[in-house]
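Q: I have a model open and want to learn how to read its features. Can you take me through it, one feature at a time?

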Amino acid sequence: MLTSPLVKERAVALGFDLCGIAPAGDFEELARLPQWLARGCGGRMTYLNRTARIRADVRRWLPPALSVVAVASFYDTDRPHHIEMGDPARARIARYAWGDDYHDLLGLRLGRLAQWMRDAAGPGFDARWCVDDGPVQEKIYASRAGLGWIGKHTCVVNAGRGSWMLLGVLACNIQLEPDGPAVDQCGNCRLCVDACPAGAFVEPYVLDARRCLSYLTIEIRGSMPAAQRPDVGAHVFGCDICQDVCPYNAVAPVARDACWQPRASLTDATLESLWAMDDACLAGAIEGTALRRAGVRGLRRNLAVAIGNAGPSLASALLPGEVPGTIQAPGTYSSAGRASQDDPMVAEHVTWARSRQR
Ligand code: SF4
Ligand code: SF4
């Protein structure tokens, strides 16, 4: 017989750090998504509007669902955090993207868990799972499964282990004993809200994605709003600041999973070292990582913006083209093997960055 303790034991054996069970209910917090979207906070993420009805209840995704198994994997490493990086020429990449792509790895493990559950449960078992890539409000189910509460920075926080966790959920048609929901322990703290460099929190617990650097550097496919480009600073893929400052992350464990260990080409990257790569090199550097979501073109765009923000000397040294009143430094990178640089969308950001030299 399939029981909650057995499922959790199996999840840990498969490499997950946490596993909890939530009922497949229509919790009141699931119903907040339409209001958030109506305020425009989802920006260009129109897929959220298209799938909002399904996201309101996991049973619209898997109609016979009775339980949701929520899993988490901790990915923090003993490398400097964004708020510890004083060098403005250092490229800031969200730490979840330093290792292997979590979609692939967690999805593979959830698939193995589903297979094991199918074997244990027998005929009639049905399940679906997703890792940040399905129409499920994963954080809410993770919180209801007791993995942690949704903090004021809108990430799930575990009191003993912090918030550097990647989540996945598996809905199934088996009635499993649920865990209790996690209790909010933010209290009077608002460090994350006040630390955000982009003022992205409309209020505690409510993020306007349009202002968030993660949205600007990852979710937006085309032109980045010019007025917001200075906010981006040296962030070329995502942002960790609101998690960096969270006191619960002072006790965050160092990841035991080899797959989360950082690739030197990403953690030690400077704006120059990334910009210097031709497109093939850049594609190689991000292969197998979550940075593929931005792709070479998106990354080149973000790098142009970050270089524009880094000050005149770096911009004039790295960006091609003449700038009236400046002397073009030798070693400027040519367009050879760098088609992304000439993409009209990217070129517009390069022009913007060059204009910052004046
Ligand atoms: S990820 Fe960065 S920009 Fe987004 S809310 Fe957190 S601190 Fe603000
Ligand atoms: S920084 Fe403070 S308010 Fe923000 S999530 Fe952590 S404990 Fe909660």
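Q: Into which domains is the protein divided?
A: This is a predicted model: local features need pLDDT of at least 70, side-chain atom pairs count only at pLDDT 80 or more, and totals for chains, interfaces and linings use all residues. Residues are numbered from 1 along each chain as its sequence is written, while chains are lettered from A and ligands numbered from 1 in the order in which they are written. Domain bounds come from an automatic or database domain assignment. Here they give domain 1 (4-77 + 95-172) and domain 2 (191-355). Their centres, taken over C-alpha atoms, are 28 Å apart.

Q: How many residues does each domain give to the contact?
A: Two residues are in contact if their C-beta atoms, placed from the backbone, lie within 7 Å. Domain 1 gives 32 residues and domain 2 gives 37. On the domain 1 side, β2 (67-74) and α5 (102-121) each supply at least two residues. Helices (H or I, at least four residues) and strands (E, at least two) are DSSP runs, numbered from the N terminus.

Q: Where does ligand 2 lie?
A: Both domain 1 and domain 2 give residues to its shell, so ligand 2 lies between them. A residue is near a molecule if its C-beta atom, placed from the backbone, lies within 6 Å of it. Of the 13 residues around ligand 2, Gly151, Cys186, Cys189, Cys192 and Cys246 come nearest.

Q: At what angle do α14 and α17 pack?
A: Two packed helices are described by the angle between their axes and the distance between the axes. Axes are lines fitted to C-alpha atoms, for helices over the stretch in contact, and angles run from 0 to 180 degrees between N-to-C directions. Helix α14 (residues 295-309) packs on helix α17 (residues 344-355) at about 10°, with the axes 8 Å apart. The two are therefore roughly parallel (angles under 35 degrees). Among the residues that meet are Arg297, Arg300 and Arg301 in α14, and Met345, His349 and Trp352 in α17.

Definitions and conventions:
Angles under 35 degrees count as roughly parallel, over 145 as roughly antiparallel, 65 to 115 as roughly perpendicular and the rest as oblique.
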